Amino acid sequence: MAAAGTKEDDRTAMLRHALHRLLLAIPVLFGVLLIGFLLMQVVPTDAAVVRAGPTATPDVIEAIRRDLGLDRPLYVQFGLYLWRLAHGDLGVSIINNVPVTQELAATIGPTLELMAASLIWAIPLGILLGTVAAYYRGSVADRLIMAFSVAGVSVPVFFVGLVLIWFVGFKWQLLPFTGRGGPLWTADGLRAIILPALTLGGVFVGPVARMTRTSVLDVLSADHVRTARAKGLSERLVVLHHALRNALIPVVTLVGLQIGFLLGGAVVTETVFSWPGVGRLAVGAILSSDLPMAQGAIIVLSLGFIVVNLLVDVLYAGLDPRVRAA
Amino acid sequence: MSATTAQPAAEVRPPRRAGLLRRLLRDPGAAVALVFAVLIVLAAVFAPLLAPTDPYDNDLSLAMQPPGSPGLPLGADSQGRDMITRLLYGLRVSLLMGVAAVAFGGSIGALLGFLAAFYQRWLDGPIMRLMDMMLSFPAILVGLAIAAIFGPGIFSVVLALSIATVPLMARIARSSALVVMRLDYIEAARATGMTDFRLIWRHLAPNCLSAIFVFGTLRFGQVILLGSALSFLGLGAQPPTPELGAMASEGRNFLFFAPHIAVIPCVVIFAIVLAFNVLGDALRDALDPRLRV
């Protein structure tokens, strides 16, 4: 954390940061869509032929080409592309002729499920470990937690996944390790998500612990904490009620900054566990040169990333009443 | 340095490289990491001399031999290729990908950061807004998009990792350069009629090197981790090229019969990334505590 500036300055800066992010999201969104559009321009196959299917006559293909605007200039095509996107039309898969939106709709749920199941245990554990480390600063516990944290950001996600599959799934036969077992409210569904969620959450605990520790240490030296101590409150009460509560505010933002890290982990985790999510769909589509599908998946992942980042900025304002009032 | 006696004037200067190494080695974790990193780099450089066989030499009769088999201390992979040889050459490919990405993306990022700081009035805004936009794309999405456009391969991974490194390095270089720009001697050098280019090259850049170096070290570990993940997904190095992530991916198919094929490259990636992360942290503490986040 920067040493200069008061807390009040920090808050204003954070609000400006949120506004700044909101304004930045517009050109970024445009960039995502432009990249998606250009991706489709490098496809060697004719979109009209693909859409018409293998038995179509040349007349039909010509009609579809006109319909899709493929005979118009590029900038008109980009406009039409945006129009179709807005209406949920992302084209059809080159491989199996299924509409891209249909595949995406089936995979978004599992990806969100996996992320939620990972964060639901990783964030609380990370916050707990980070608080313990800050409270017992310099102790063996602190050193162990920080070592664990560095290991967490250094370990390949697929390594964690493979070790869990090998031991828990294969050797001990405790849990399934391929695919989704069904809805989460069924026993099979719950059993199937445990290993993927342990894998993805496992690499997230370290960064959260590290950020919480820094943040709690910052707050522990603040005036109101000193006042609380001077009042004679127990150390535990001081840490839990006065320090941790305020320390969590920057942690929210910092966790938001790690969403990219989470996304990368999710793509790998889905592949390792054959989890039917957007990340696995994107990788499979790229490997089989199914560009419409790859484009759709990349657009959805990018949009999700942009939206989550904005939400984190808003959540930050919601957590801190001073920002809300401003 | 003890403070018991008055030191000669020369000793008052901040300790330079020799002192840095001594301070690094004082931290046992950093010392181990440094030694390990040096060994890894040497192993990669001298792979052709150290490797007992050719990395593409396969002998199917040896396929999936476990570690400790005669003549195969680390066993053989699914094609009966010596794991030690594959690892040594795999290190080469993985480290080269990391070096290329950090060098390429880092140079462009540092240059942009310097320009933003030097021409603060008219370049800072545009350059840094562009960097913010680039930061809006997590590295994994850059990797997926580049692989979709150019097709899977080492080139795609290096390009993606370079692009993902540019905005991060630009931020580091800019904030470091802004501090230097406020110092008197830049003004003094300018007064001597030096051109902007010489000012940046001779005075600004050298004084930002420690920050860039620290970040480069930390970034190197992250880039190796990301690159191996992309290769593991099949988007990077393609078989039979020996590359650590690709080796792990290949071994995944034989996890239940010959776990060593996947586990050994995973452990090596883990160790390399851990070493560079520990080293980067220690370097930051030793060189430039202000960078501590």
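**Entry 1: confidence**

I began with the scores, since the model is predicted. For the complex I noted an ipTM of 0.87 and a pTM of 0.86, as given by the predictor. In chain A the mean pLDDT is 83, with 90% of the residues at 70 or more, and in chain B the average is 87, with 91% of the residues scoring at least 70.

Where pLDDT is low, predicted coordinates should not be read in detail. Within chain B I also recorded that confidence is lowest in helix H1 (residues 17-26), with a mean of 72, and highest in H4(B), at 95.

**Entry 2: the fold of chain A**

Which secondary structure does chain A contain? I found 14 helices and zero strands. Chain A has 326 residues, and 47% of them are buried. Turning to contacts in chain A between residues at least 6 apart in sequence, I noted that 72% join residues at least 24 apart.

**Entry 3: where the chains meet**

Of what chain A buries against chain B, Phe158(A), Leu162(A) and Ile286(A) supply 16%, which is more than any other three residues.

For polar pairing across the contact I noted one salt bridge between chain A and chain B, and four residue pairs in polar contact, with both residues of each pair at pLDDT 80 or more.

**Entry 4: the salt bridge**

Which residues form the salt bridge? I found Arg210(A) paired with Asp281(B), with their closest N and O atoms 3.2 Å apart. Asp281(B) sits in helix H11 (residues 260-287) of chain B. I classed Asp281(B) as buried because its relative accessible area is 14%, under the 20% cut-off. Not counting residues up to four places away in sequence, Asp281(B) touches Val150(A), Arg210(A) and Leu218(B).

**Entry 5: Glu270(A)**

I next looked up Glu270(A), which lies in helix H11 of chain A. Is Glu270(A) buried or exposed? Its relative accessibility is 1%, so I counted Glu270(A) as buried. Beyond its neighbours within four places in sequence, Glu270(A) is in contact with Thr111(A), Leu114(A), Trp275(A), Gly277(A), Val278(A), Gly279(A) and Arg280(A). A polar atom of the Glu270(A) side chain lies 2.9 Å from the backbone nitrogen of Arg280(A). I also noted that Glu270(A) and Pro110(A), although 160 residues apart along the chain, have C-alpha atoms separated by 9.4 Å.

**Entry 6: backbone geometry**

I ended with backbone angles. Ser274(A) is not a glycine, yet it has a positive phi of about 50 degrees; Ser274(A) lies in the loop between H11 and H12 of chain A. With a relative accessible area of 24%, Ser274(A) is partly exposed.

In chain B, Met64(B) is likewise not a glycine and has a positive phi of about 60 degrees. I placed Met64(B) in the loop between helix H3 (47-50) and helix H4 (83-118) of chain B, and at 29% relative accessibility Met64(B) counts as partly exposed.

Where does a cis peptide bond occur in chain B? I found one joining Pro239(B) and Pro240(B), with omega about 10 degrees. Pro240(B) lies in the loop between helix H9 (196-232) and helix H10 (244-252) of chain B.

Notes
Residues numbered from 1 in each chain as written. Chains lettered and ligands numbered in written order. Heavy atoms only, no water. pLDDT = per-residue confidence, 0-100. Buried area = accessible area lost by both parts, 1.4 Å probe. Salt bridge = Lys/Arg side-chain N within 4 Å of Asp/Glu carboxyl O. Polar contact = N/O pair within 3.5 Å; in protein donor to acceptor, adjacent residues only side chain to side chain. Helix = DSSP H or I, 4+ residues; strand = E, 2+ residues; numbered from the N terminus. Buried < 20%, exposed > 50% of the residue type's maximum accessible area, 1.4 Å probe, protein only. Contact = heavy atoms within 4.5 Å.
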